[in-house]
Amino acid sequence: MVGAKSGKNKFTKQILKVAEHYNVIVAATMSAGKTSLINALLGDEVLYSANEAATATLTRITHNRNLRQRIEGASYTRPGECYERSKNVQASTLRQWNDHQAVKYIELNCSIENLRKTVTPLVIYDTPGPNNSQDTSHRALLDTALMLPGKKLLVYVLNATQLATQDDLQLLQKIKNSPALISGNQIIFILNKVDQLDEERGETIDVFLEKTRNYLEEMGFSRPMIIPAMMQTSLIAKKVLNRKSITRNQKHRLQAELQRFRQNKFILNDASHVPHAIKHLVRTELKRSQTENARSDIFDKTELKQFIAYSGIRTLEIFLSQHN
């Protein structure tokens, strides 16, 4: 028993000993798109994503510039014992680790392509949604992340199609009152799934950004930074750019969003609530040359890069690169 307790304490110190890192804690209620956001940063469907409670572990992803072609990782039980290691982690590996009841922590090391120039070592935490009534350990794992020492950025994902739910209210209040937002730590909000808004019913980007801003200010977040985004569609575009296979449904989804993108590629960036310097950088990327005769059945590399800038993920990448 003494040995087990000692091992647990040692592992807890190992998990929390990251003061020299820039810790990015990604939080959300279930199915807001938190895992899709991290996958979009990684450029592939590495972490399991679903319209249910898909994350049962606290996953730490360390940005390592030297790992260009693979992901290394290890999974641990709550007492701190290593369950399994892998030099080449696949999506199936993470699915198996995440589904194993004994596994509570996962460590990944990989190179995040568009974050290569970060000054401070950057670590991203994928936290489980705490509103899972069937597993109270989810809340404890989120608390562990919120109590990390050192400099932190909280990235909170809001579901544009389910704004201001009771679960959101409770989690935002918890975060607002947590030590995570003291000592100059920041929070940025991702208004995800804006591609699912119905403009014919008046659900325009401007209306929802104003609605979201009012909602967050009422919660006590003064002048909140908000990025309107479509993380799942952004991920599809990145997969195409990286020559990875996509499904027929993903292809149709990307084609449909590209049509809307061509009508007004500045609309999301103009509506975002982020520092002007970041908006300017994104706008510069959006103004680059584009294929004049874009065909719906062919994906153009230049246009896909612009679409990624349009989709919101590029805004977050620039923010992370500048604020670490």
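Which side chains meet in a salt bridge with an N to O distance of 3.4 Å? They belong to aspartate 99 and arginine 95, and they make a friendly place to begin a walk through this predicted model. Both residues sit in helix α3, which spans residues 91-99, and because they are 4 residues apart there, about one helical turn separates them. An α-helix has 3.6 residues a turn, so residues three or four places apart point the same way. Arginine 95 has a relative accessibility of 35%, so it counts as partly exposed. Elsewhere, salt bridges with shared partners tie Lys238, Glu285, Arg314 and Glu317 into one network.

How many salt bridges does a search of the whole structure find? The search turns up 18. Side chains of opposite charge can pair when their charged atoms come close. One of these bridges joins aspartate 126 to lysine 34, with 2.9 Å between the closest N and O atoms. This pair links distant parts of the chain, since aspartate 126 lies in strand β6 (residues 122-126) and lysine 34 in helix α2 (residues 34-42), 92 residues apart. Both aspartate 126 and lysine 34 are buried.

Another bridge brings together the side chains of lysine 244 and aspartate 44, at 3.6 Å from N to O. Lysine 244 is partly exposed because its relative accessible area is 35%. Aspartate 44, at 23% relative accessibility, also counts as partly exposed.

Helix α2 is mostly covered, with 9 of its 9 residues buried. Among them are Lys34, Thr35, Leu37, Asn39 and Leu42. Just after α2 comes glycine 43, which takes a positive phi of about 85°. Helix α12, made of residues 313-322, is mostly covered as well, with 8 of its 10 residues buried. The buried residues of α12 include Arg314 and Glu317, two members of the salt-bridge network that also holds Lys238 and Glu285. Ile313, Thr315, Leu316, Ile318, Phe319 and Leu320 are buried in α12 too.

Where on the model does positive charge gather in a patch? On the surface, Arg243, Arg288, Lys301 and Lys305 form such a patch. Lysine 305 belongs to helix α11, which covers residues 301-310. Its relative accessibility is 48%, so lysine 305 counts as partly exposed.

Threonine 284 has its place in helix α10 (residues 276-286). With 37% relative accessibility, threonine 284 counts as partly exposed. Computed along the sequence, it is 22 residues from glutamine 306, while in space their C-alpha atoms are 9.8 Å apart.

Finally, what about the cysteines? A disulfide is a covalent bond between the sulfur atoms of two cysteines. A search of the whole structure finds 0 disulfides. Cysteine 110 is buried because its relative accessible area is 4%, whereas cysteine 82, at 38% relative accessibility, counts as partly exposed.

Key:
Residues are numbered from 1 along each chain as its sequence is written. This is a predicted model: local features need pLDDT of at least 70, side-chain atom pairs count only at pLDDT 80 or more; totals for chains, interfaces and linings use all residues. Side-chain values use heavy atoms; hydrogens and water are left out. Patches are made of residues with over 30% relative accessible area and no salt bridge: like charges are joined within 9 Å, nonpolar side chains (Val, Leu, Ile, Met, Phe, Trp, Tyr) within 5 Å. Accessible areas come from the Shrake-Rupley method with a 1.4 Å probe; for residues, only the protein chains shown count as cover. A salt bridge is a side-chain nitrogen of Lys or Arg within 4 Å of a carboxyl oxygen of Asp or Glu. Lys and Arg count as positive and Asp and Glu as negative; His and the chain ends are not counted. The place of a charge is taken as NZ of Lys, CZ of Arg, CG of Asp or CD of Glu. Helices (H or I, at least four residues) and strands (E, at least two) are DSSP runs, numbered from the N terminus. Buried means under 20% relative accessible area, exposed over 50%, partly exposed in between (1.4 Å probe, protein chains only). A disulfide is a pair of cysteine sulfur atoms within 2.5 Å.
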